[in-house]
Amino acid sequence: MGQSGARVVEADRSQLQLRPFDLDSTIPQDHRARLLWRAVEALDLAAFYDRIKARVGVAGRPSGDPKVFVALWLYATMDGVGPAREVERLCKDHRAYRWICGGVPVNYHTLSDFRVDHGTALDELMTQVLAVLMESKLITLQRVAQDGLRVRASAGSGSFRRKKKLKQYLKEAREHVEAVKKQADDPAVNARVQAARARAAREREDRVKAALGALKEVEEKRRAEYTGGRKPKGEPRGSMTDAQARKMRMANGGFSPGYNVQFATDAANGVIVGVSVTNNGSDSGQAPPMIEQIEKRAGKRPGAYLVDAAYTDKKSVDKLAEMDVTLYGSVVERWGKDPFKPQMTDSAAVSALRKRMGSAEGKEIYKERSQLSERVNADVRTYRTMDRMLVRGTGKVLCIALWNALALNLMRWFALTSIS
């Protein structure tokens, strides 16, 4: 009975209910998850399957289908979901993610490992998708724009230490490892606790070693850059959290540990045709390797290449001229001189670039650069998962960048073929 004697049907949440249910009916036929699944099924995922140890006739627990994990991470990246724990939660609570899983059990640890353990397979997958788009005439490579995106690393500024401090930490870490080993036979310590302590001690020692190794790389780079009596300011430092991260200027104007992610975008339909990651904060010298990557993936070089002033160093301009790629890049005014007028110290390629950028046609073509590169950078930073790295190391960061490029390219494919 309800209030004032009213007769009502009250909630009874303890009652068991048996309902007919099938995953396939939970999402409509034109849902993006179905489109993505059809696209993934059409791709060759042999490189992902080759790493599975569970085989017919061999004892062991079967692995989850890589096709499911590829589709999950692509769909999550399209939604801008980065943390593996959040993807695990969505696989339980969100109908589209449940549909993609199709009953395959997933957990955050397996998801996290899968995302960053298949760098070579992801690179091949990127090439496959570009081949399909080229066959569909959605990529022309007549004009390609490149730009860098500084992404905050999974490390704090306070994790950087000088060589003297790192050597002290390494000594302490080794002593701690030895101390933990001596406790191995202590019956008062649980075996699992002992194993966890040993693992933590080894990991700390490895992190300090990695930081010292990174410090050596920084010192060698400084010796190569500072010549003619010039001396760098301050001592070099290495991060104990992410040894491969470097402090660089970010979009907000400040300096933070980060990575420089490079994207090359085709002008025809805004498809990403090249991805690379470096811990060098400068874009200088990044264009030639990217063009080589594009040629390797697509079988030909771009006709025109659009970049900003950071890419137009003399060495890069000359190299692109040798590669027979027409460069369109911003030229900086110096000492009050006309930036479009060839200078006495210019090479033939630099002089040609100045003349090209001073022409009305060159200026009109160059307008496309910001529309392409800035849009892609803003998209992956704002709507996908490139706002901040949740992984450490250049290789893993490259995997995240490839997932973002693949997701963006598939979204463009769905839109351009009018099936989304």
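Biologist: Arg375 first. Is Arg375 buried, exposed or partly exposed?

Modeller: Arg375 counts as partly exposed, because its relative accessibility is 33%. Buried means under 20% relative accessible area, exposed means over 50%, and partly exposed is in between (1.4 Å probe, protein chains only). Bear in mind that this is a predicted model: local features need pLDDT of at least 70, side-chain atom pairs count only at pLDDT 80 or more, and totals for chains, interfaces and linings use all residues. Residues are numbered from 1 along each chain as its sequence is written, and side-chain values use heavy atoms, with hydrogens and water left out.

Biologist: Which helix holds Arg375?

Modeller: Helix α13, residues 360-382. Helices (H or I, at least four residues) and strands (E, at least two) are DSSP runs, numbered from the N terminus.

Biologist: And what does Arg375 touch?

Modeller: Gly270 and Ser370, not counting residues up to four places away in sequence. Contact means heavy atoms within 4.5 Å. Gly270 is 105 residues from Arg375 along the chain, and their C-alpha atoms are separated by 8.8 Å.

Biologist: Zoom out. How many helices and strands are in the protein chain?

Modeller: The chain has 14 helices and 8 strands. Its C-alpha atoms fill a box of roughly 95 × 65 × 65 Å, taken along the principal axes.

Biologist: What share of the residues counts as buried?

Modeller: 43% of the 420 residues. The chain exposes about 23500 Å², and carbon and sulfur atoms supply 49% of that area. Those areas come from the Shrake-Rupley method with a 1.4 Å probe; for residues, only the protein chains shown count as cover.

Biologist: What part of the contacts comes from residues 24 or more positions apart?

Modeller: 71% of the contacts in the chain with a separation of 6 or more.

Biologist: Now the core. How many residues are in the largest nonpolar core?

Modeller: 100 residues. Those with the most contacts inside it are Leu72, Leu74, Phe263, Tyr305 and Met386. Helix α14, residues 394-416, gives the most to this core, with 13 residues. A nonpolar core is a set of buried Ala, Val, Leu, Ile, Met, Phe, Trp, Tyr and Cys residues joined through side-chain atoms within 4.5 Å.

Biologist: Pick Leu74. What does Leu74 touch?

Modeller: Leu36, Val40, Trp403, Leu406, Ala407 and Leu410, leaving out residues up to four places away in sequence. There is also a second, separate core of 8 residues, which includes Leu166, Leu170, Ala211 and Met240.

Biologist: Where does Met290 lie?

Modeller: In helix α10, residues 287-298. Met290 counts as buried because its relative accessibility is 1%. Beyond its neighbours within four places in sequence, Met290 is in contact with Gln146, Gln262, Phe263, Ala264, Gly274, Val275, Ser276 and Tyr305.

Biologist: And Ser316, which residues is that one in contact with?

Modeller: Gly285, Pro288 and Tyr311, again leaving aside neighbours within four places in sequence. Ser316 lies in helix α11, residues 314-322. At 4% relative accessibility, Ser316 counts as buried.

Biologist: Switching to cysteines. How many disulfides does the structure hold?

Modeller: The structure holds 0. A disulfide here is a pair of cysteine sulfur atoms within 2.5 Å.

Biologist: Are Cys91 and Cys101 buried or exposed?

Modeller: Cys91 counts as buried, at 10% relative accessibility. Cys101 counts as buried too, at 6%.

Biologist: Backbone now. What is phi of Lys137?

Modeller: Near 65°, a positive value in a residue other than glycine. Lys137 is found in the loop between α7 (119-135) and β1 (143-152). Lys137 is exposed, with a relative accessible area of 67%.

Biologist: Where does Asp324 lie?

Modeller: In the loop between α11 and β8 (326-329). Asp324 is not a glycine, yet has a positive phi of about 65°. Asp324 is exposed, with a relative accessible area of 66%.

Biologist: Last one, charges. How far apart are the mean positions of the positive and negative charges?

Modeller: 6 Å, for 72 positive and 51 negative charges. Lys and Arg count as positive, Asp and Glu as negative; His and the chain ends are not counted. Each charge is placed at NZ of Lys, CZ of Arg, CG of Asp or CD of Glu.
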